[in-house]
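Please look over the sequence and the 3D view shown below before reading on. The report then goes through a few places one after another.

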Amino acid sequence: MESPIAEQEICVKCGLCCDGTIFSGVALEKSEKDNLPPEFAKAYDHNSEKERFLQPCPAFDQKCTIYHKKRAKVCGSFRCQLLIDFSKNKLTRQEADEIVKNAIIFKTRILDLNNEIAEKTEDLPFWKLSEEIKKKLKQIVNDKPLRDKYESILANLTIFNALLIKHFKSSRKFQDLMR
Ligand code: SF4
Ligand code: SF4
């Protein structure tokens with residue numbers, strides 16, 4: 001399914017459902033794996049009983065690079081709550097753009113904070129960040145200032161997740177498909 005132009009324009013500035021921010025992976029239907037481009041092979045989730053590939057999606061490069069080609073079925077039908085609200089005129093275009101912009105700023109701030117503390121760019125999918133920080137916190141016992149910094153990121157992640165739930169995630173049916 002192709003979305004209306006205005007929705008595509010919102011998505012092009014967003015990508016949060018493809019880059020590992022909202023979802024950890026994308027569920028596939030039976031045998032769908034065989035029809036996806038070869039670059040997906042490295043992203044298949046071998047630890048899951050269900051067929052799925054992990055995010056960030058290998059076809060995501062600022063936007064979906066295979067939009068008009070063969071994608072997973074769920075990719076063609078997924079619309080987050082923000083798009084649904086926009087299509088029902090519950091949000092203006094300006095409001096939708098603003099929500100996306102603020103979500104990306106917030107996410108970038110969290111990643112920057114984490115890189116600053118780690119003193120390097122950590123190549124972690126966003127969905128793994130909170131799990132990894134919790135692991136680090138178990139190892140850091142005596143360094144209170146460092147613990148405080150990681151705890152502050154966790155607090156920010158909680159607020160960010162609430163923002164995602166409010167604006168992007170409320171469409172349960174699709175959450176089930178993508179998890
Ligand atoms: S999260 Fe919503 S607005 Fe963002 S790219 Fe996905 S469908 Fe589009
Ligand atoms: S194939 Fe395209 S729409 Fe589907 S997850 Fe990847 S980048 Fe997103």
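In which loop is E119 found? E119 is found in the loop between helix 4 and helix 5 (129-139), where helices (H or I, at least four residues) and strands (E, at least two) are DSSP runs, numbered from the N terminus.

## About the model

This is a predicted model, in which local features need pLDDT of at least 70 and side-chain atom pairs count only at pLDDT 80 or more, while totals for chains, interfaces and linings use all residues. Residues are numbered from 1 along each chain as its sequence is written, and chains are lettered from A and ligands numbered from 1 in the order in which they are written.

## Surroundings of the two ligands

A residue is taken to be near a molecule if its C-beta atom, placed from the backbone, lies within 6 Å of it. By that rule, the residues around ligand 1 are I10, C11, C14, G15, L16, C17, I22, R79, C80, L82, L83 and F168. Sorted by class, the shell around ligand 1 holds 10 nonpolar, 1 polar and 1 charged residues; here Ala, Val, Leu, Ile, Met, Phe, Trp, Tyr, Cys and Pro count as nonpolar, Asp, Glu, Lys and Arg as charged, and the others, Gly among them, as polar.

Ligand 2 is surrounded by C18, V26, C57, A59, F60, C64, I66, R71, A72 and C75. The classes in the shell around ligand 2 are 9 nonpolar, no polar and 1 charged residues.

## One residue from each shell

I22, one of the residues around ligand 1, is found in the loop between helix 1 and strand 1 (25-27). I22 is buried because 22 other C-beta atoms lie within 10 Å; a residue is called buried if 20 or more other C-beta atoms lie within 10 Å of its own, exposed if 12 or fewer, and partly exposed in between, with C-beta atoms placed from the backbone. Leaving aside neighbours within four places in sequence, I22 is in contact with L16, C17, L164, F168 and K169, where contact means that the C-beta atoms of two residues, placed from the backbone, lie within 7 Å. I22 and I165 are 143 residues apart along the chain, yet their C-alpha atoms are separated by 9.1 Å.

A59, one of the residues around ligand 2, lies in the loop between strand 2 (52-54) and strand 3 (60-61). A59 counts as buried because it has 21 C-beta neighbours inside 10 Å. Not counting residues up to four places away in sequence, A59 touches P37, E39, C64, T65 and I66.

## Backbone details in the loops

P56 also lies in the loop between strand 2 and strand 3, and the peptide bond from Q55 to P56 is cis, with omega near 5°. Q62 is found in the loop between strand 3 and strand 4 (63-64), and has a positive phi of about 70° although it is not a glycine. Q62 counts as exposed because it has 10 C-beta neighbours inside 10 Å.

E119 likewise has a positive phi, near 60°, in a residue other than glycine. With 7 other C-beta atoms within 10 Å, E119 is exposed.

## How the helices pack

Two packed helices are described by the angle between their axes and the distance between the axes. Axes are lines fitted to C-alpha atoms, for helices over the stretch in contact, and angles run from 0 to 180 degrees between N-to-C directions. The axes of helix 4 (residues 93-118) and helix 6 (residues 144-169) come within 10 Å and cross at roughly 160°. That angle makes helix 4 roughly antiparallel to helix 6, since angles under 35 degrees count as roughly parallel, over 145 as roughly antiparallel, 65 to 115 as roughly perpendicular and the rest as oblique. The contact includes I99, A103 and F106 of helix 4 and K149, Y150 and I153 of helix 6, and by class it has 11 nonpolar, 3 polar and 2 charged residues.

The axes of helix 5 and helix 6 come within 10 Å as well, crossing at roughly 155°, and that makes helix 5 roughly antiparallel to helix 6. This contact is made by L129, S130, I133, K136 and L137 of helix 5 and R147, Y150, I153, L154 and L157 of helix 6. Its residues divide into 7 nonpolar, 1 polar and 2 charged.
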